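User: Hi, I have a new structure to look at. Can you walk me through it?
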Amino acid sequence: PWLSARAQLEVYDDYPVTLDNRVVAGGYEQVTLNLRIAPPLWKGVTIDLAMLNALGTEYNFLFGGRTDPTYATPGPPQQLRATIAKAF
C-alpha cells in the first residue's frame with residue numbers, strides 16, 4: 001500500500017484553573033488528519049501531509065492564581081504541514 005490515511009481525535013476535559021480548584025474550565029477537542037504517499041517507484045521517498053487542528057477549533061490554555069483565573073494563552077491555529085523523507 002503506497003497510500004495511507006489516518007484521523008486522530010484528541011479530547012481534553014476541563015481542569016482546575018485556580019490553585020483553590022474553584023474555577024474549572026479549559027476543555028477542548030482537536031482533530032488531526034494525516035496522509036502518507038510512498039509509491040514503490042520512489043525508492044524510499046515518502047511524502048507526509050498533516051493538517052493539525054483540522055476543524056479550526058479556537059481554544060485557550062488557562063492558568064490562574066490562588067482564587068482567580070489570570071492568564072489565557074491561545075492554542076495553535078489550524079496548520080498544514082508537508083514533510084519529504086528519504087531512507088538511505
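Analyst: One term to start with: buried means under 20% relative accessible area, exposed means over 50%, and partly exposed is in between (1.4 Å probe, protein chains only). By that scale, aspartate 20 is partly exposed, at 29%. This is a predicted model: local features need pLDDT of at least 70, side-chain atom pairs count only at pLDDT 80 or more, and totals for chains, interfaces and linings use all residues. Residues are numbered from 1 along each chain as its sequence is written, and side-chain values use heavy atoms, with hydrogens and water left out.

User: Which residue does aspartate 20 meet in a salt bridge?
Analyst: Arginine 22, at 2.8 Å from N to O. A salt bridge here is a side-chain nitrogen of Lys or Arg within 4 Å of a carboxyl oxygen of Asp or Glu. Arginine 22 is exposed, with a relative accessible area of 61%.

User: How many salt bridges does the count come to?
Analyst: Two. Aspartate 48 forms one with arginine 36, with the closest N and O atoms 2.6 Å apart. Aspartate 48 is in strand β5 (residues 45-52) and arginine 36 is in strand β4, so the pair ties together parts twelve residues apart in sequence. Strands are DSSP runs (E, at least two residues), numbered from the N terminus.

User: Is arginine 36 buried or partly exposed?
Analyst: Partly exposed, with a relative accessible area of 42%.

User: What order do the strands of the open sheet have?
Analyst: The order of the four strands is β1-β4-β5-β8, with antiparallel pairing. Two strands pair if DSSP finds at least two bridges between them.

User: Which strands stand at the edges?
Analyst: β1 (3-12) and β8 (79-86). Each has a single partner strand, so one side of each lacks a neighbour in the sheet.

User: How many bridges join β1 to β4?
Analyst: Ten, and the two strands run antiparallel. For tyrosine 12, the bridge partner in β4 is tyrosine 28.

User: What holds paired strands together, in general?
Analyst: Strands of a sheet pair through backbone hydrogen bonds, either parallel or antiparallel.

User: Back to β4. Is threonine 32 buried or exposed?
Analyst: Buried, with a relative accessible area of 11%. Threonine 32 lies in β4, which covers residues 28-37.

User: What is threonine 32 in contact with?
Analyst: Leaving aside neighbours within four places in sequence, its contacts (heavy atoms within 4.5 Å) include Arg6, Ala7, Gln8, Met51 and Leu52.

User: New topic. Where does phenylalanine 61 lie?
Analyst: In strand β6, residues 60-64. Phenylalanine 61 is partly exposed, with a relative accessible area of 31%.
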